[in-house]
Structures are given as C-alpha cells and as structure tokens.
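Colleague: I am new to this structure and would like to learn how to read its features one by one. Could you take me through it, giving the general idea before each case?

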Amino acid sequence: MKKTTFLTGFSTYFNGSAKRRAQDIIAQKRQSLVEGTLDFQAQFIEEVPPELLERHSETQRISHFPDHLTFWAFFGQVASDDASCAAAVAHVQSWAEQRGLPIPSARTGAYCQARASLPLKLLKAVNDSLLSQLNAQLPTSAHWRGLRPRAEDGTSAQMPDTASNREKYPYPHGQEDGCGFPMVRLGGLIDLSHGGMCQFATCDMNTSELSNHYELEEQLNCGDVFIGDRLYSNYELMQRLQVKGVHFIGRTHQARKIDFRKGRKISPNERLVTWRKPIRQPKGSRLSKEQWDALPHELEVRLIRCKGPDREGKQKTRYLATTLLDAQAYPSDEVASLYFHRWEIEVRFRDIKTTLGMEMLRTKSPAMIEKELMMNQIVYNLMRLIMLKAAIDHGVNHRRLSFRGTQQVMLAFVHNFCDLAKRPLLRIQQRAKMLERIVERIVTERPGRNEPRRVKRRPKCTRWLQKPRTEYFEHFRAEDTPLKILDNLA
C-alpha cells in the first residue's frame, strides 16, 4: 500500500485523481476517432497517414462525422461502384456499431453537411502528398533521357442540373434550358512516367480549351518535356515554356504551312527552322501588352517528319515540332515515339471518368464540384501509387497493370484490414497479399491495336427530352388514384 509523506497511516488512494478538463476529454475522444477510422485508413495508412489529416483538420467538436471519418467515407464513395451518400452512411453505421460508438442516423443530411464542411486545403494536401510519393517511388531510369514527359489535354464532365451549377457552368451553346446538364471543361496534366494526375483545371464549356493551360503551366518545372496536340503548338506557349526550361513536343498546327525545302537540313526527315513572332497578339492570349512585347522575336524549332496510323489505320505523314534541338542527344525516332505516347492521356481520362465514374458528377453546388473533382484525383493517384509499389516489389512493369483490376482488389481487401491499424505485423501481411493479387492483373500488350469509336449496344427507344420535364403531361394525375391492395395488407 502506498502511504502519504506526512500522514503515513493513510493510503494515497484516498487522495483521488485530478479532475480532467473538458478539453482533455474531447482531445482523447478525437484521438480515438483518428486511430480507429474506417478500414480504408488501415489499408492505406502508409500513403495517407493520420497525422496528415490531423494537421489540416478543422473539427472543433465531437460529432458523428469528424473530418477524418468524413474524408474516408467520401473516399469510399468515389472508389466504389455505389457512389451514393446512403451507402457511405451505411458504411459509417456499420463501423460505429463494431466499435461501440453512437450510431448516426440513416439520413444523409448530417453526412452531406460534414462533407460540405470538409476543408479543401486538406484534400489538396493529401493530393500533393500522393504526387510527391509517386515522384519519389519512380526510379530515375523510368525518365526519358533525364526528362520527365508530361502530357496535357482537355475533357469534360456533366453535373446535376441545379441553379448554382448552371450559374457557374452554364449549358453549352445550343442547349435548351431544362433539357440538358451543366458541363465543366477540364484540363488535365498527367505524368506519363507513372500515370499520376498532376492537376485538373476547370472552366465552362463556352471557353477555349487553352484557357486552362495557364493554370496547369504552373505545375511544369525545369527538366520537364511538355507533350501536346496541335492546339498547343503555338509561338507564345512554346516561348513561355522555354523560359521556364520546359521542352516542347507536339504536332504542328494545321494552319501552319510546312515546307521541308527551307531551313537547315539535319537528316532527310529533320529540319532546323526559325519561327517568327506573329505581328498581332492572338485574341485568346492572357499576356499583357508589355509581356507580349517582351517575348523574343524568333524561336528555333526542330521539325521532324514521321509516319503513323490514323483513325482508319492508314499510315499518314505527320510533322512534329520540338524545342529539343540536339539531334544526337534526342534522336528523332524517340521523339516521335514519345509523341505517340501522348494518346495515353486519353486512357488515363478513361480510368478516372469511366472506371471511377467521374463522367457524371453528383454534387449540387460549385464548391462541392471542386471537392468532388479533388477527391477523384486523390483516389486515382492513390491507386497509381499502389500499382507502382506493387510493380517495384514484384519486379514487373507498372505500365502493364490493370487499373480496373487494382480497384477490384483494393475493394475486395478492404475488410481484411478491419481493426489492424494498431497491429502492424498483421497489417503488413495483409498488404503483401493485396499487392500480390494486384500484380496478377496484367494487361497483355497488343501492339498496333486500333479500335473504332463505335457503340454496339443500341439505346432504348425513348424520345429525347426536348423541353423541361415539368411541361410534359403526366398520366394518372387524377385525385382518385388506383387502389394498391398489397400495400394496404403490408
């Protein structure tokens, strides 16, 4: 028995314990929530550590949906095929019941409010961390001649037809009111080495695709090689990239006439030419007059003539323009091959739009549209990171792994990580099994494969919506509705 110093006949157990402050109790409960979040956190605790979420969390009180729990519930919405809020709430209810915590209501209102309050800076911090891990995991041998190839292209996505969405993202030109959906034009920048999505830039469909490039250009650094299609092959863009130390590869614009009799001959299919600055500043340019005047008046460009299949499978002559002027350091056949890799950005868009279901966004306000797009990037980049780690551990080519197969394995293994957040040995074993299953999903290489953009399955014979739905006549509108006897018996 412990005795007091002055009164030796009394035990220290009679002293009791100091009263804890309410803030300490709240902090302890919050810490228990952080350590025991949904099974996704235990599955990807190395890629998205709890400390990262805690650092950017803004949760100030105990609730059914703190920021950590809301983040992983939102993550599960995007990663799974059932992206409804009801499924996310059901997942949280099951998790809370297993841990003896208060079970939230089945209504989705509280979860949707918590998701709307989720800090955007938290999502950006997680996405930046995943990109940094992708760059760190990728071996330097995967870079092309010491350069990082990055491709940019545009795509689009639809969203619910709400007043707030229409205000920021109006209908495309020619669309009748109430008969379509607001659409957002997306500009995507992808690292072709590991497939990670660097950033999405947004604008409405009635603006040019180039308008997103100014925002994406901030992600390009010295030592990158930018690969774009004809739209990006213009004097101003190539000059701006050259100032940053970024090289350019792209097809020449269809309006530019190519004469191989001019310029300095490097080889039968290579010429070194000088492009002159346009007399007038392009209409879509965002540079000020002073910035435009400061651009150099000449630009040395290397033209490469090559052949490749068109959409009909026929060989067609193409002219590539690049600022990689050294023909010895950067051979023309490798430059042409690198440009043909630009098509991979379309496959990556298919992964994030079709496989993850981003073709039709679900949130009903522009602020939530931005968060939903960011969460899609997080899920996509996390899956790319898992694919890269699995490939490195088992000595296979990560470019041959199936994205859809990785998603299926990831969702199948999520329940195996239940209550493994504090059991590192068992978690490492389950993770090794998951990576082993992922590397089994190999996509066989099919060189020269050319699939036409045609749909075989016919749609249902349902007429198009030519006017708002409320203007159509509804049948059975009478007050005397038909009797449903089985409903009454139930």
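This is a predicted model: local features need pLDDT of at least 70, side-chain atom pairs count only at pLDDT 80 or more; totals for chains, interfaces and linings use all residues.

Colleague: Which side chain does Asp161 meet in a salt bridge?

Modeller: A salt bridge is a side-chain nitrogen of Lys or Arg within 4 Å of a carboxyl oxygen of Asp or Glu. Here the partner of Asp161 is Arg166, at 2.7 Å from N to O, and Arg166 is partly exposed because its relative accessible area is 33%.

Colleague: How many salt bridges does the structure hold, and are Arg150 and Asp224 buried or exposed?

Modeller: The structure holds 24 salt bridges. One of them joins the side chains of Arg150 and Asp224 at 3.8 Å, N to O, and this pair links distant parts of the chain, with Arg150 in strand β1 and Asp224 in strand β4, 74 residues apart. Both Arg150 and Asp224 are buried. Asp351 and Arg348 also form a salt bridge, at 3.2 Å from N to O, but these two both lie in helix α13 (residues 344–355), 3 residues apart, about one turn of the helix. Asp351 and Arg348 are buried as well. Finally, a network of salt bridges links Glu46, Glu47, Lys389 and Arg431.

Colleague: In what order do the strands of the open sheet lie?

Modeller: Helices (H or I, at least four residues) and strands (E, at least two) are DSSP runs numbered from the N terminus, and two strands pair if DSSP finds at least two bridges between them. In this model 9 strands form an open sheet with mixed pairing, in the order β3-β2-β1-β4-β5-β9-β8-β7-β6. Its edge strands, each pairing on one side only, are β3 (197–204) and β6 (264–267). Strand β5 (residues 247–251) runs antiparallel to strand β9 (residues 315–322), and 3 bridges join them; Ile249 has Thr322 in β9 as its bridge partner.

Colleague: At what angle do helices α14 and α15 pack?

Modeller: Axes are lines fitted to C-alpha atoms, for helices over the stretch in contact, and angles run from 0 to 180 degrees between N-to-C directions. Helix α14 (residues 366–394) packs against helix α15 (residues 403–413) at about 95°, and their axes are 10 Å apart. That makes the two helices roughly perpendicular, since angles under 35 degrees count as roughly parallel, over 145 as roughly antiparallel, 65 to 115 as roughly perpendicular and the rest as oblique.

Colleague: Which residues of α14 and α15 meet?

Modeller: Contact means heavy atoms within 4.5 Å. From α14 come Tyr380, Met383, Arg384 and Met387, which meet Phe403, Thr406, Gln407 and Met410 of α15. These residues divide into 5 nonpolar, 2 polar and 1 charged, where Ala, Val, Leu, Ile, Met, Phe, Trp, Tyr, Cys and Pro count as nonpolar, Asp, Glu, Lys and Arg as charged, and the others, Gly among them, as polar.

Note on methods. Residues are numbered from 1 along each chain as its sequence is written. Side-chain values use heavy atoms; hydrogens and water are left out. Buried means under 20% relative accessible area, exposed over 50%, partly exposed in between (1.4 Å probe, protein chains only).
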